[in-house]
Amino acid sequence: MSEVDKSRVAARRALVAGAAAAMAGVLLAPGIRLVEVARAAPGPNKPGEPVSSKVRWGLLIDANLCTEGCQECVLACNRENGLDGRTRPTDSQWIRKVELKDLRSGRKASAPVMCQHCAEPPCVDVCPTGASFKRADGIVLVDRHTCIGCRYCMMACPYKARSFIHETLTTQKPEVPRGKGCVESCTLCVHRIDRGERTTACAQACPTKAIIFGDLNDPESEISRRVAQVKTTQLRADLRLNTGVRYAGL
Amino acid sequence: MNRRLLAAACLAVAVLAGAAQAEGSRVPQPKFSVDTSTQCVAPPEEMRRTHMDLLKHRRDRTVHQGVRGGDESLTRCIACHASKTDGAAIGAPDAFCQSCHAYVGVKLDCFECHQGRPGAAAKMSARSP
């Protein structure tokens with residue numbers, strides 16, 4: 001390539017780079033630039049703003065990484081949400097570790113099971129007072145102000161994810177109010193999400209990083225990339241509840 | 001001039017009489033120990049009548065829309081109104097919420113579920129402007 005050609009190529013490159021930079025700074029409307037639009041959408045909601053349905057929070061649990069007998073996620077959940085960690089039939093359990101064994105091959109698998117945060121939650125369908133509801137960002141919650149403790153939702157849940165509080169409590173965490181006479185379940189650490197944090201207590205505590213928390217609607221998020229790469233299953237997929245908690249390696 | 005002096009004297013007498021009546025009143029008043037060095041989100045007269053409406057309005061936005069914090073959240077209430085003696089808004093005769101609710105005979109349901117003591121997070125949010 002001659003010297004003239006080289007300089008021409010260099011000039012063209014500079015022009016392209018400049019145009020790209022200019023495009024990024026283009027004003028779409030007064031005060032709104034393309035860069036800002038790209039950064040704003042579809043991003044998760046900010047603290048202090050109402051939650052948006054552009055986001056769908058979920059978990060991906062990799063049973064290949066989950067260690068048999070390890071209870072770290074359960075313990076972290078108990079600490080975060082002020083549960084006493086007892087496992088009598090009348091105690092609250094937000095996460096349970098489940099050990100599976102294929103009787104023919106003898107293959108073992110282990111995974112935590114919690115509220116699956118269904119897109120079509122049966123607990124919401126049956127609630128007579130509207131206390132059981134799904135937030136715009138996909139988190140299924142109980143509004144304890146309207147819960148009358150009838151426990152229909154506990155019967156409707158195919159995952160046995162909900163618990164009823166039988167006894168008076170005094171040791172609640174300030175950010176996780178709980179009380180006698182209400183049904184409760186995993187909140188996906190909603191108080192953390194609303195503060196702007198992007199992890200749950202269980203995902204943070206997992207020593208093997210078997211639990212990934214993230215936005216299933218954002219194709220760039222780690223959870224979405226993993227779901228696109230690896231075969232994942234939803235528990236009781238036959239019920240077509242479209243769960244927000246997905247499992248790999250079951 | 002004389003009339004103005006008389007009016008001032010009358011006012012002074014009225015103020016003194018008012019003060020004496022408040023001090024030696026036979027009507028029992030609720031007693032509580034809280035830090036009164038800072039100003040609440042609204043004047044006390046207004047808060048006495050409307051605090052429940054402020055809290056009820058807030059709670060649905062918090063639970064359903066995830067809008068937390070702000071001046072009218074229950075954690076902010078407790079952060080300031082926790083008792084100086086045992087650090088809780090309930091559970092003691094001089095606790096702020098409990099003493100007044102007992103005085104007016106109104107059931108206090110919030111703390112069946114909510115924690116009446118400020119946590120580390122509540123303390124931090126109280127300090128920030």
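A nonpolar core is a set of buried Ala, Val, Leu, Ile, Met, Phe, Trp, Tyr and Cys residues joined through C-beta atoms within 7 Å. In this predicted model, the largest such core holds 50 residues. Strand S3 of chain A (57-62) is the element that gives the most to this core, with 4 residues.

**The largest core**
- Leu59(A), Ile61(A), Ile95(A), Cys202(A) and Ile211(A) touch the most other members.
- Several elements of chain A each supply at least two residues. The strands are S3 (57-62), S7 (140-142), S10 (211-215) and S12 (245-248). The helices are H3 (72-81), H6 (190-195) and H7 (201-205).
- Beyond its neighbours within four places in sequence, Leu59(A) is in contact with Ala203(A), Ile211(A), Ile212(A), Phe213(A) and Val245(A).

**A second core**
- A separate core has 14 residues, including Leu74(B), Cys77(B), Ile78(B) and Ala82(B).

**Strand S3 of chain A**
- S3(A) is mostly covered, with 6 of its 6 residues buried.
- Trp57(A), Leu59(A) and Ile61(A) point one way from the strand. Gly58(A), Leu60(A) and Asp62(A) point the other way. Both sets are buried.

**Strand partners of S3(A)**
- S10(A) pairs with S3(A) in the antiparallel sense, over 5 bridges. Here Ile61(A) stands opposite Ile211(A).
- S12(A) runs parallel to S3(A) and is joined to it by 4 bridges. Asp62(A) has Ala248(A) of S12(A) as its bridge partner.

Conventions:
Residues are numbered from 1 along each chain as its sequence is written. Chains are lettered from A and ligands numbered from 1 in the order in which they are written. This is a predicted model: local features need pLDDT of at least 70, side-chain atom pairs count only at pLDDT 80 or more; totals for chains, interfaces and linings use all residues. A residue is buried if 20 or more other C-beta atoms lie within 10 Å of its own, exposed if 12 or fewer, and partly exposed in between; C-beta atoms are placed from the backbone. Two residues are in contact if their C-beta atoms, placed from the backbone, lie within 7 Å. Two strands pair if DSSP finds at least two bridges between them.
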